[in-house]
Each structure stands twice: as structure tokens, then as C-alpha cells.
Amino acid sequence: MAQEFQTLFAGDSSQCKNKVNLKERFTPEFFKLEQEKIFKKAWLVAASMTDLTQKGSFYVSDIPPLKLSLLIVRGEDDQIRAFHNVCRHRGDKLVQTQTGNTRAFTCAFHAWTFSTSGKLVNITDATQFNGIQKEDYGLVPVNCEVWEDLVFVCLDEKPQESLEQYLGPEIYHGYKGFAKGRVKIADHKLVLKTNWNLGTNAFSEGYHNLYIHKNTVPDYQGGAGNPDRHRPYLEVGRHFGRYSTHGNQNHKKTPTEAAVYAHSRPLFPWFPPLDMSNYPPGINPSRFDQWGFDIVHIFPNCIFGPQANSHAFMTFWPIDHETTEIRNWRFAYGSDNPTDAIAQAYSVTRAREVIREDMNTMETTLQGINSGAFEHIVLSQQELLIQNHYRAADAMLAKD
Ligand code: FES
Ligand SMILES: [Fe+2]
């Protein structure tokens with residue numbers, strides 16, 4: 001009998017459990033706990049630096065579980081800052097457009113104006129405001145830190161740890177420069193009737209790959225010696241879990257793939273061998289020689305997918321206990337060559353088809369869990385990142 005393809009496991013999984021009661025986690029009461037103890041405390045992915053490249057660039061990032069709108073802006077001093085997107089006069093939403101570039105923000109209601117560093121610079125008809133000092137009414141800041149091409153925010157008044165401590169050295173220092181030169185090639189969102197945990201879970205394992213994706217990408221993973229498409233590498237950490245995929249070296253390009261990728265660098269779903277010597281250590285951490293791509297679950301709600309020439313960030317935002325907003329950003333190498341643009345656009349389309357198959361499980365799984373047909377789900381070793389997700393959630397929920 002052929003030997004099973006072995007996964008290299010790393011990290012401490014001693015607290016992970018292979019049985020999880022989901023029904024009790026999908027109630028409105030439990031969601032309140034998640035809001036208070038997870039989404040108000042954790043570092044959360046709020047913006048991509050590709051939307052903040054110039055002085056005055058801004059991005060409005062809503063945080064649905066906390067019903068907040070944040071304004072993230074690059075100031076004249078090139079500092080990235082985050083503020084509540086709330087005018088200090090009477091509280092209207094200050095910036096209504098998602099992204100853009102400006103020298104100052106003027107509220108549409110009574111035209112108070114704020115600088116890109118959050119200072120109140122003009123009160124219209126100012127003599128009518130008795131005893132009001134402009135310096136006391138700047139925008140309300142939010143803790144924010146930049147990591148590689150992402151802006152993280154923390155809504156805790158005093159974060160319990162820095163982003164570096166939160167992510168840990170493997171993540172924080174492991175991806176230096178990986179996103180250099182990349183541009184955003186896709187940005188879309190949708191809302192599903194599902195629980196946010198199920199959203200992250202669906203992208204935290206490759207066990208389903210052989211089955212649910214058989215129509216869109218039947219042969220891009222695994223290959224000879226790995227018929228069940230086990231992950232070559234799988235690691236869990238305090239606030240992350242990650243795995244590498246096995247890129248099938250015998251993947252047969254479809255005629256369209258062959259045509260559109262003829263003059264581009266390798267892109268999803270084509271993963272030929274690659275010289276990894278210039279990649280930072282976090283990418284393909286075990287340096288598996290038939291590497292496809294990695295999946296990194298950044299707790300609580302971000303799935304980061306680094307590949308050789310592209311990467312993606314998906315975030316899963318609970319609106320309530322049974323409604324989730326899913327944001328999907330995809331990036332690739334910058335190029336002026338139209339053949340690259342065609343290849344990248346095709347790759348986005350293919351990935352979207354695959355993601356649709358993943359999405360297709362999320363609403364029906366919520367219904368199944370809520371039916372109460374059974375008490376707990378069971379998870380394999382290949383689903384260790386999901387075990388780790390609930391371990392990390394329970395650790396945060398247990399804190400005061
Ligand atoms: S609410 Fe913004 S200026 Fe009045
Ligand atoms: Fe999938």
C-alpha cells in the first residue's frame with residue numbers, strides 16, 4: 001500500500017480540540033461576548049496600503065461588528081492615522097466616499113473642516129460658538145499600526161499588546177517586503193446569511209479541495225504521492241494558523257490558461273517550481289519544493305493567501321450572529337504590459353469561481369448547525385487551523 005503523504009506539523013496544538021459545539025456559539029448572546037472580548041480587543045485588518053500611497057490618500061473602513069466607521073489617512077507627514085469617521089460638531093459621518101485623496105475633510109452637514117492629521121481647522125460661522133476651542137475638537141483617534149501592506153486597528157482604548165506582540169515574531173517578522181511592488185487587482189464584498197466563524201473556517205483547511213472544487217480546479221493541488229491533498233506544512237500559533245499547499249506539478253493547463261499565461265508570471269491555478277531564495281521566511285515556511293501557495297489565518301477574521309506572484313486578504317465581518325460581510329482583496333505584481341493585465345484579470349476570475357464554491361457551503365452549514373440535529377462537529381488534523389481558531393477565541397473570551 002502506498003504510504004500516506006505526511007504533513008509537517010509545527011506549533012503548540014495541545015489545547016486544540018477536535019470536537020466543537022458550534023450551536024452554542026451562534027446565538028445573539030454569544031455574539032455579544034465576541035463583540036466585547038474579541039472584536040473590541042483584537043488587532044483587526046482595516047485597510048491596504050495600496051489605497052494609501054500618497055499624502056492625503058484616505059480609506060473608509062467600516063467595522064460592522066462594532067457598528068463603527070473609521071477613516072484611515074496618510075497625512076502630509078506620511079504618517080498613517082486612523083480616526084472615528086465622525087464629525088466632532090454633531091456627529092454626522094464625515095467622509096462618505098470609500099477612498100480618495102484630499103487636502104482636508106469637510107463635513108457635508110455644516111462644513112466643519114479637518115486636516116489629514118485630524119485637526120479641526122475651520123468652524124463655519126465660528127463666532128456663534130461660545131467658549132469652543134478648535135484644538136479641543138479634532139477627530140477622535142483610533143490605535144493603528146502598519147504591517148507590510150496592511151493597516152491594522154485596535155478598538156481597545158489601551159491595547160493589551162502591540163501588533164508585533166499580537167501577531168508574534170513568526171508572522172510579524174516573517175513576511176518582510178513580500179508585498180513590495182504589488183497592486184490591487186480585485187476588491188469586492190458581499191453579505192451572506194452565515195456566522196462569521198464559518199466564513200473563516202471555510203478558508204482554513206484544504207481537506208475540501210478535492211471535493212468541492214472538483215469542477216473549477218480539479219488538478220491544481222496534490223499530485224502523485226499525495227492523493228488526498230494533505231498539506232505539506234501546517235502550523236498553529238497564538239493568534240494565527242497557517243499551512244502550505246502542494247502545487248500539482250502535473251497540472252494540465254486548460255487551453256485558456258495556456259493562452260493567457262503564455263507571457264505572464266505563474267498565477268493561480270498554475271504553480272510550477274520556483275526559486276524561493278528571495279522570498280522572506282514566512283512564505284512557504286518549510287520550503288516545500290512543490291509549493292503552491294500558503295493560507296494564513298490571522299485571528300480573528302482575516303485569511304491571508306500569499307502566492308508567488310499574487311496574494312489575497314479576505315476578511316469576515318459579523319453584522320450580527322447570522323449575517324456576515326465578506327471582503328476580498330487580491331493583489332498582483334505591478335506591470336504596464338497588457339498581457340500581464342489580461343493574465344491577472346483571468347486569474348481573478350478563476351479565483352472568484354473557486355471562492356464561490358467555498359461560499360456555497362456557508363449558509364447551509366449555518367442552517368445545519370442551527371437545526372440542532374447534533375451537538376458537536378468533528379475536525380481532522382488537516383482541519384487543525386479550525387481547531388486553533390476556536391482555541392484562540394476561547395482564550396480571548398476567557399479574559400477579563
Ligand atoms: S455635523 Fe459635521 S459640521 Fe455639523
Ligand atoms: Fe476552498
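V296 stands opposite F304 in β17. The model is predicted, so local features are given only at pLDDT of at least 70 and side-chain atom pairs only at pLDDT 80 or more, while totals for chains, interfaces and linings use all residues. Residues are numbered from 1 along each chain as its sequence is written, and chains are lettered from A and ligands numbered from 1 in the order in which they are written. Helices (H or I, at least four residues) and strands (E, at least two) are DSSP runs, numbered from the N terminus.

Strand β16 covers residues 291-298, and strand β17 covers residues 302-306. Three bridges join β16 and β17 in the antiparallel sense. Strands count as paired where DSSP finds at least two bridges between them. Both strands belong to an open sheet of eight. Its order is β1-β14-β15-β16-β17-β18-β19-β13, and its pairing is mixed. The edges are held by β1 (8-10) and β13 (182-192). Each has a single partner strand, so one side of each is left without a neighbour in the sheet. From one strand to the next, the twist averages 15°. Helix α9 (residues 384-397) packs on this sheet. The helix touches β14 (233-236), β15 (240-246) and β16. Contact requires C-beta atoms, placed from the backbone, within 7 Å. The direction of α9 makes about 170° with that of β15. Such angles run from 0 to 180 degrees between N-to-C directions, with axes fitted to C-alpha atoms, for helices over the stretch in contact.

Strand β18 (residues 310-320) holds W317. W317 counts as buried, because it has 22 C-beta neighbours inside 10 Å. The cut-off for buried is 20 or more other C-beta atoms within 10 Å, and for exposed 12 or fewer; partly exposed lies in between, with C-beta atoms placed from the backbone. Leaving aside residues up to four places away in sequence, W317 touches P64, P65, W196, N301, T324 and E325. One of these pairs spans 252 residues in sequence: W317 and P65 are 6.5 Å apart, C-alpha to C-alpha.

An open sheet of seven strands is also present, in the order β3-β12-β11-β6-β5-β4-β7. Its pairing is antiparallel. The edge strands β3 (43-48) and β7 (99-101) each pair on one side only. The twist here averages 30° from one strand to the next. Strand β3 runs antiparallel to strand β12 (residues 150-154), joined by five bridges. Within this pair, V153 of β12 is the bridge partner of L44.

Several loop residues have backbone features to note. F268 and P269 are joined by a cis peptide bond, with omega about 5°. P269 is found in the loop between α6 (255-260) and β16. The loop between α6 and β16 also includes N284. N284 has a positive phi of about 45°, although it is not a glycine. With 23 C-beta neighbours inside 10 Å, N284 counts as buried. The peptide bond from F299 to P300 is cis, with omega near 10°. P300 sits in the loop between β16 and β17. A111 lies in the loop between β8 (104-106) and β9 (113-115). A111 is not a glycine, yet has a positive phi of about 65°. With 13 other C-beta atoms within 10 Å, A111 is partly exposed.

Note on methods: Contact = placed C-beta atoms within 7 Å.
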